[in-house]
Structure formats: C-alpha cells, structure tokens
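Please look through the sequence and the three-dimensional view shown below before reading on. The report that follows goes from single residues to strands, then to aromatic rings, and ends with the chain as a whole.

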Amino acid sequence: MIEIQPVTLREAQFLIGMSEKDINRAIDRGEVEKISEPEEDMPVHGVGKGRRRVRKIGLSELLFLALEKQMHADLTPTGRRKLYQAFKKNEAKARTVSFGPFKANITEIQRNFLSKYKKLLDAKKNILEEDGADPVIKGTGISAYRVAALAQGQTIKEIKADYPTLTEEQIESAIAYTEAYPKPGRPYPVRSFRRAAGALAEMGIFDAIETGAESAKE
C-alpha cells in the first residue's frame with residue numbers, strides 16, 4: 001500500500017487536473033486546509049535553488065477537490081463545506097463519501113489519483129535535478145524536457161529510435177515530470193532535428209535550395 005505524502009500545489013495540479021491557481025483560491029477561501037511548511041530550498045529549473053515557503057495539501061484535500069471539480073455547479077458553498085468535512089471524517093479511505101442525503105462513490109477518483117501518484121513517484125525516481133541546468137533522465141544526461149517535448153509530435157516508438165538507450169519507462173517518466181514541473185521559458189521543438197530535416201527533404205526543400213544556388217551561379 002502506497003503511503004500518500006502531502007504534495008505541493010504544482011504537484012496537485014498534475015494529480016487531479018485542477019489548476020494551481022484554482023487550488024490556491026480554494027485555500028484562500030477556506031474551502032480546504034493547507035499544510036504549513038517552513039521555508040526550504042526549492043529547485044528553480046534552469047536557475048538553481050531559492051528559499052521560499054511552500055504550500056502543500058494532503059490526501060483528503062486532493063480527493064475532495066477532484067470530486068468538487070466534477071460537481072462544482074451542483075454544490076452550494078454550504079454543500080462544499082459539508083462535503084469536505086465528510087472527506088476529513090472518513091480520512092479519504094472509504095469508497096463512498098456522504099453527508100445528509102448526499103452520497104457519492106469515489107472509487108474511480110481514488111483509482112485515477114493513485115495511478116497519477118505512482119507516475120509522479122516514478123518521475124521523481126527516474127529524473128535527476130541539477131542546479132542551473134535542465135533536469136535529466138538518470139544515467140543518461142538527456143534532458144527530460146527535451147524528451148517530453150518530442151512526445152507532443154512523435155510516438156514513443158519514434159522517440160526510442162532517436163534515443164535508443166532510453167526505455168519506455170524513462171520516456172514516460174520524462175513526460176510525467178514535465179507535466180508536474182513545466183519547463184520555464186521557450187519550449188523545445190516537438191520533433192527531433194533528424195526527423196524535421198527528413199520531413200523537409202521529403203517536401204523537396206533541399207532540392208529547391210540546391211537548384212536555386214545553381215541558377216545563381218549561372
């Protein structure tokens with residue numbers, strides 16, 4: 001059984017598909033409780049580390065927000081408070097959560113959350129963060145952000161052809177890591193240079209350039 005640890009709001013965004021801004025707003029409105037953390041050194045990708053106070057939330061808050069996101073239009077402010085207290089009372093372990101006549105099965109929410117949480121743990125295990133540089137896939141020196149960018153324009157099979165030393169698990173960890181900790185600044189290309197050049201060659205771009213150059217010589 002995996003023990004669920006409190007997570008940062010950016011990690012929560014990855015786990016439940018709710019924006020970090022909306023999670024912060026729910027905390028500020030008092031809809032969920034945050035876990036107060038002392039200042040700590042946090043990685044700032046591409047820069048190094050900086051000390052800052054980190055907001056975190058626990059399992060009850062995560063599952064409550066996941067369900068509330070689905071039912072937001074149907075819940076009154078009072079209903080949200082009661083629903084949250086029901087999660088706290090059950091410690092988020094029961095298959096159903098209820099208050100008054102309201103009852104909801106949260107098995108699917110729990111299953112989806114646990115699947116994403118495992119992916120986050122794998123990403124943390126397989127990705128190495130380095131001060132002042134891109135995080136890399138452990139044992140390779142290959143940027144996790146670069147590999148994740150390729151996944152937007154190429155299949156896993158194509159990425160493995162471009163990086164033969166990578167396993168499918170490593171590629172998936174790079175993708176999950178990037179979703180949880182997005183790259184700041186300009187994104188990497190979604191196709192490798194070799195494949196982008198190949199596509200241009202198929203379009204006859206290089207032939208046109210060569211023909212133009214020969215014409216200029218004449």
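## A residue in the opening segment

Ile-2 has a relative accessible area of 29%, so this residue counts as partly exposed, a class that lies between buried, under 20% relative accessible area, and exposed, over 50%, as judged with a 1.4 Å probe and protein chains only. The model is a predicted one, in which local features need pLDDT of at least 70 and side-chain atom pairs count only at pLDDT 80 or more, while totals for chains, interfaces and linings use all residues. Residues are numbered from 1 along each chain as its sequence is written, and side-chain values use heavy atoms, with hydrogens and water left out.

Ile-2 is found in the segment before β1 (7-8), where strands are DSSP runs of E with at least two residues and helices are runs of H or I with at least four, numbered from the N terminus. When neighbours within four places in sequence are left aside, Ile-2 is in contact with Leu-114, Tyr-117, Lys-118 and Leu-121; contact here means heavy atoms within 4.5 Å. From C-alpha to C-alpha, Ile-2 and Tyr-117 are 9.2 Å apart in space, although 115 residues separate them in sequence.

## A buried glutamate in a loop

Glu-31 is placed in the loop between α2 (20-28) and β2 (35-36). Is Glu-31 buried or exposed? With a relative accessibility of 17%, Glu-31 counts as buried. Apart from neighbours within four places in sequence, the contacts of Glu-31 are Ala-26, Phe-64, Arg-80 and Tyr-84. The side chains of Glu-31 and Arg-29 are joined by a polar contact of 2.9 Å, a term for a pair of N or O atoms within 3.5 Å in which, within protein, one must be able to donate a hydrogen and the other to accept it, and for which residues adjacent in sequence count only if both atoms are side-chain atoms.

## Strands and their faces

In a regular strand the side chains alternate between the two faces of the sheet.

Strand β6 (residues 96-99) and β7 run antiparallel and are joined by four bridges; two strands pair if DSSP finds at least two bridges between them. Val-97 stands opposite Ala-104, and the bridge partner of Ser-98 is Lys-103. The hairpin of β6 and β7 has two residues between the strands, and in this hairpin Gly-100 takes a positive phi near 60 degrees.

Elsewhere, three strands form an open sheet in the order β8-β9-β10, with antiparallel pairing. Because β8 (127-128) and β10 (142-143) stand at the edges with a single partner strand each, one side of each is left without a neighbour in the sheet. Two bridges join β9 (residues 136-137) to β10, and Val-136 stands opposite Ser-143.

## Aromatic rings

Rings of Phe, Tyr and Trp (its six-membered ring) pair if their centres lie within 6.5 Å, with planes under 30 degrees apart called stacked, over 60 edge-to-face and the rest tilted. By this rule there are five aromatic pairs, including the two in the table.

| Pair | Centre to centre | Angle between planes | Kind |
|---|---|---|---|
| Phe-64 and Phe-87 | 6.2 Å | 75 degrees | edge-to-face |
| Tyr-177 and Tyr-181 | 4.8 Å | 45 degrees | tilted |

Phe-64 lies in helix α3 (residues 59-71) and Phe-87 in helix α4 (residues 77-90), so their pair ties together parts that are 23 residues apart in sequence. Phe-64 is buried at 0% relative accessibility, and Phe-87 is buried at 2%. Ring pairs link Phe-64, Tyr-84 and Phe-87 into a cluster. Tyr-177 and Tyr-181 are both buried as well.

## The chain as a whole

The protein chain has ten helices and ten strands. Of its 218 residues, 36% count as buried. Among the contacts with a separation of 6 or more, 56% are between residues 24 or more positions apart.
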